[in-house]
Amino acid sequence: MNTGLVLSGGGFRGIAHIGVIKALDEYGFEITHIAGTSAGAIIGALYSGGSDWKQILEFIKKVNIFSFNNYAVGKPGFVDTEKFYDKFSEFFPSDNFESLKIPLFVTATNILDGSLKVFAEGELIRPILASAAFPGVFTPIKIADSYYVDGGALNNFPVDLIKNYCDQIIGVYVNPFLKVGIEQLKYSFNVLERAYKIRSAKDSLSKFGDCTLVISPKDLINHGTFSIKDMDKVFNLGYKAAIAAIENPDNLLISKKISLK
């Protein structure tokens, strides 16, 4: 039984992925394939590398990739994405996809020609950083002869990358899309983020039908893409949503523990 895990982009809300991973581990799911975009690419890589949820959460808190402290100078963006390389290299000393315990597929967008790039082999760190490089905020990452930014610009919920390999797919979507009031769009960045989510949702929601189960905590709507507070709260939203979904008698998932009942 091949079980795929798809982790969407979502910036700070991606911390909910870690809570979902905790629940999946507790229920005995053995993940065989992972696809991720943006924050989902980072969390997916850490999990693919063999880390448990505690280690992943500790690493994310330590690196604090969602803060704006690593200012970019003379580059197109507020945060210099390259400055995170050394911190990730401590965690991934081999720096290649082949060193991972679970096959991983991540998306990034070629900012020069506008094409989608799927990374699944070769060097690891720069592709996952590129996948999370929100345009205009994080600087593009150079890989080979091109530059890459957030994979969410073209594929924020990459179910299609692993659906042919898996018997069942668990999708984790951390961009709940609800109608908002104009009072929630106070600043220009709020409008930019909202427009980005509208574009992403149109493509992502159409892929829900390819998943055996979709976990999408609705209360994440109250947390912004670049928030830096309530990290534990977001983690718990993912955990509780996953437990509720797994225990729902209507879902068709098969896990090690459930199959023994």
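## A cluster of phenylalanine rings

Phe59, Phe88, Phe91 and Phe92 are joined by ring pairs into a cluster. The structure described here is a predicted model. Across the whole structure, a search returns nine aromatic pairs. One of the pairs is formed by Phe91 and Phe92, whose ring centres are 5.3 Å apart. The planes of these two rings meet at 75 degrees, so the arrangement is edge-to-face, the class that applies to angles over 60 degrees.

Phe92, with a relative accessible area of 6%, is buried, since the cut-off for a buried residue is under 20%.

## A ring pair between two strands

Another edge-to-face aromatic pair consists of Phe119 and Tyr148, with 5.5 Å from centre to centre and 80 degrees between the planes. Phe119 belongs to strand E4 (residues 116–119) and Tyr148 to strand E6 (residues 146–150), so this pair ties together parts of the chain that are 29 residues apart in sequence.

Phe119 counts as buried at 7% relative accessibility, and Tyr148 is buried at 9%.

## Charges placed over rings

Phe119 also has a charged neighbour: the charged end of Lys117 sits over the ring of Phe119, 5.5 Å from the ring centre. A further case involves Lys22, whose charged end sits over the ring of Tyr239 at 4.4 Å from the centre.

Helix H2 covers residues 39–48, and ten of its ten residues are buried, so the helix is largely enclosed by the rest of the structure. Among these buried residues are Ala39, Gly40, Ile42, Ile43, Leu46 and Tyr47. Just after H2, the backbone at Gly50 adopts a positive phi of about 110 degrees.

Ser51 is located in the loop between H2 and helix H3 (53–63). With a relative accessibility of 7%, Ser51 counts as buried. When residues up to four places away in sequence are not counted, Ser51 touches Leu46, Ile56 and Phe91.

## A buried asparagine in a loop

Asn156 lies in the loop between E6 and strand E7 (168–172). Although this residue is in a loop, Asn156 counts as buried, at 6% relative accessibility. A polar atom of the Asn156 side chain lies 3.3 Å from the backbone nitrogen of Gly9.

## The chain as a whole

The secondary structure of the chain comprises seven helices and eight strands. The chain has 261 residues, of which 55% count as buried.

Among contacts in the chain with a separation of 6 or more, 76% are between residues 24 or more positions apart. The pair of Phe119 and Tyr148, in parts that are 29 residues apart in sequence, gives an example of such a separation.

Methods. Residues numbered from 1 in each chain as written. Predicted model: local features only at pLDDT ≥ 70, side-chain atom pairs only at ≥ 80, totals over all residues. Heavy atoms only, no water. Buried < 20%, exposed > 50% of the residue type's maximum accessible area, 1.4 Å probe, protein only. Helix = DSSP H or I, 4+ residues; strand = E, 2+ residues; numbered from the N terminus. Contact = heavy atoms within 4.5 Å. Phe/Tyr/Trp six-rings, centres within 6.5 Å; stacked < 30°, edge-to-face > 60°. Lys NZ or Arg CZ within 6 Å of the ring centre and 35° of its normal. Polar contact = N/O pair within 3.5 Å; in protein donor to acceptor, adjacent residues only side chain to side chain.
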